Amino acid sequence: MAVFSEKMFPSWDRMPPERVAMSASAAEQARAQARVLRDVAAGLERHNTGSAWRSPAKNLCDARVEDLQRQALVIARKLELWAQSEGAASLRAEQL
Amino acid sequence: MTEAIWVTTPGTVWVSEDHVMALASHLLVCEGTFISAHQSLSGIEVASRDPFTHALQHLPAQSLGPLAMAVATMAEEALSLREALTHYAHNSAEQERVRVQAWEVPRDRILALIAVMVGGRTPEIPFERWGVQEAAQALVGTPGPHRLEVTAVTGAKVGAVQRGTNIADRVGRIPDGENPIRIERYVSASGHTETDVYLAGTQEWSVGTSAEPFDMESNLALVAGVSAASMVAVEAAMRKAGVKPGDRVSFVGHSQGGLLAARLAESGRYATSSLLTVGAPLGTVTLNGNYPALAISHSDDLVPELGGASKPTGITHLETHSGAGTLDVAGAHAREQYVATAERVEVSPARDSLPHWEASGEAHPQFFQARRTDR
């Protein structure tokens with residue numbers, strides 16, 4: 001007995017080539033934006049609010065910069081994972 | 001520990017440490033990048049998933065919408081953060097203006113009063129408006145025509161040089177000693193001639209007794225805004241080097257040389273292409289700065305203070321501690337100490353916001369001496 005059948009998944013072996021190409025392109029674009037976000041995070045890493053400014057506002061700014069940097073990395077990672085899945089999906093569809 | 005470098009932008013609109021300014025600039029870049037990333041992510045077309053892929057639980061998101069929205073939120077946060085830094089820098093600028101009014105202006109009035117008592121000449125304006133400029137005028141009076149001999153130094157052993165393109169290199173080229181004027185003329189790739197004029201500081205600290213035009217008398221005259229022998233000497237040297245009115249000239253100077261550079265840059269006689277001063281008493285000079293301009297001073301250097309209360313100008317000021325020992329007044333003002341500071345400025349995170357100089361061909365530096373012939 002076939003585990004998978006065309007009846008169960010009518011489209012699995014008929015993913016149109018344009019959809020495959022679209023997935024690959026989307027994955028590449030997402031990866032590119034992930035790289036951009038990682039660059040931004042690296043840029044933020046190189047900056048700080050110096051040593052002369054001393055006030056609670058400075059501490060708050062420091063924390064916000066750190067948070068922005070962390071968010072950029074988190075979203076970059078999510079985009080990379082998304083691109084990985086998207087790329088895998090298009091590759092699988094091609095192979096099928 | 002490295003001393004902080006404070007940046008005051010033209011008009012005293014922004015006062016902060018260089019790190020804060022660089023961060024604010026970077027946040028502006030971040031904001032633009034996030035907006036661009038948001039637009040790109042929003043524009044990505046996602047192919048609908050086939051059931052097989054769903055069944056394998058690889059869960060590619062059907063939409064990048066949530067991530068795109070998160071990036072848009074980050075753009076807003078970058079903007080908000082930059083505004084917080086701007087608010088801080090504007091407050092610092094306001095505090096600086098208050099400090100000048102509360103401390104430097106009264107200090108200058110007292111200096112003027114002392115100078116008037118010593119000089120014996122009373123300014124014609126009311127006492128409430130006396131300042132360092134009036135004090136200098138009281139001391140120096142109205143200098144007569146300056147009789148000078150300006151000669152090119154032929155024995156100076158400096159080969160052809162590339163144009164100084166960074167701050168430390170340019171400060172390092174300021175002459176020190178017997179030949180206080182250095183002129184380099186370059187022809188750029190586009191064919192126009194660019195002249196760099198480097199001017200030394202005070203060579204003689206007496207008033208009215210020395211044949212040296214870079215003396216205290218010239219200092220007072222420059223602060224007073226009247227004719228100074230050193231200014232006449234520099235312009236004579238420039239003419240000898242082939243510089244004509246209207247030519248593109250970049251001025252660089254230390255101490256009195258910086259004050260001379262500023263006055264020449266603002267004279268309107270040349271197409272000033274940049275100004276760089278270190279340790280210069282610029283308080284009485286009106287600097288419109290319609291060109292890239294930077295003034296560097298040490299917070300422990302007394303000489304820049306002698307120029308009077310700092311007022312908003314059209315140029316960028318940097319201030320930092322010299323690193324010289326406590327009470328080392330000469331060290332804090334020394335050209336070598338400013339070269340070291342310029343090297344720190346060169347690697348400052350705010351460097352991109354400061355003037356840059358284009359590379360050019362080679363030039364043979366010309367050095368000039370000047371003597372008063374009436375003493």
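Two residues are taken to be in contact if their C-beta atoms, placed from the backbone, lie within 7 Å. In this predicted model, helix α10 (residues 335–346) of chain B lies across β7, β8, β9 and β10 of chain B. The direction of α10 runs at about 120° to β9(B).

Chain B contains 10 helices and 12 strands. Its C-alpha atoms fill a box of roughly 100 × 50 × 40 Å along the principal axes. Of the 375 residues in chain B, 48% are buried. Among contacts in chain B with a separation of 6 or more, 66% involve residues 24 or more positions apart. The chain is divided into domain 1, covering 19–89, and domain 2, covering 114–372. The C-alpha centres of these two domains of chain B lie 49 Å apart.

Helix α3 of chain B spans residues 65–119. This helix has 55 residues and reaches 77 Å from its first C-alpha to its last, a span close to the 81 Å expected at 1.5 Å a residue. A bend of about 35° occurs in α3(B) at B:Val100. The residue that follows α3(B) is B:Gly120, with a positive phi near 75°.

The strands of chain B include an open sheet of 10 strands in the order β2-β1-β10-β9-β8-β7-β6-β5-β12-β3, with mixed pairing. Strands β2 and β3 (148–153) of chain B form the edges, each pairing on one side only. From one strand to the next, the twist averages 20°. Helix α7 of chain B packs on this sheet, where it touches β3, β5 (181–187), β6 (193–199) and β12 (366–372) of chain B. The direction of α7(B) makes about 45° with that of β3(B).

Both pairing senses are found in the sheet. Strands of a sheet pair through backbone hydrogen bonds, either parallel or antiparallel. Strand β7 (residues 248–254) of chain B and strand β8 (residues 271–278) of chain B run parallel and are joined by seven bridges. Within this pair, B:Val249 has B:Thr272 of β8(B) as its bridge partner. Strand β9 (residues 293–298) of chain B also runs parallel to β10(B), with five bridges between them. Here B:Ala295 stands opposite B:His317 of β10(B). By contrast, β1(B) and β10(B) pair in the antiparallel sense, over three bridges. The bridge partner of B:Val7 in β10(B) is B:Leu318.

Strand β10(B) is largely enclosed by the rest of the structure, because five of its five residues are buried. In a regular strand the side chains alternate between the two faces of the sheet. On one side of β10(B) are B:Thr316, B:Leu318 and B:Thr320, and on the other are B:His317 and B:Glu319.

Helix α7 (residues 229–240) of chain B includes B:Ser230. This residue counts as buried because 30 C-beta neighbours lie inside 10 Å, where 20 or more are required. Apart from its neighbours within four places in sequence, B:Ser230 is in contact with B:Pro213, B:Phe214, B:Ser218, B:Gln256 and B:Leu260. B:Ser230 and B:Ala370 are separated by 140 residues in sequence, while their C-alpha atoms are 8.2 Å apart in space.

Backbone geometry was also examined in the loops. Most residues other than glycine have a negative phi. B:Thr12, although not a glycine, has a positive phi of about 50°. This residue is placed in the loop between β1 (6–8) and β2 (15–17) of chain B. B:Thr12 is partly exposed because 19 other C-beta atoms lie within 10 Å, whereas a buried residue has 20 or more. B:Leu327 is not a glycine either and has a positive phi of about 65°. The loop that holds B:Leu327 runs between β10 (316–320) and α9 (329–333) of chain B. B:Leu327 counts as exposed because it has 8 C-beta neighbours inside 10 Å, and the limit for exposure is 12 or fewer.

Notes: Residues numbered from 1 in each chain as written. Chains lettered and ligands numbered in written order. Predicted model: local features only at pLDDT ≥ 70, side-chain atom pairs only at ≥ 80, totals over all residues. Domains from an automatic or database assignment. Helix = DSSP H or I, 4+ residues; strand = E, 2+ residues; numbered from the N terminus. Pairing = 2+ DSSP bridges. Expected span 1.5 Å × (residues − 1). Bend = angle between axes of the 7 residues up to and from the residue. Axes fitted to C-alpha atoms, helices over the stretch in contact; angles between N-to-C directions.
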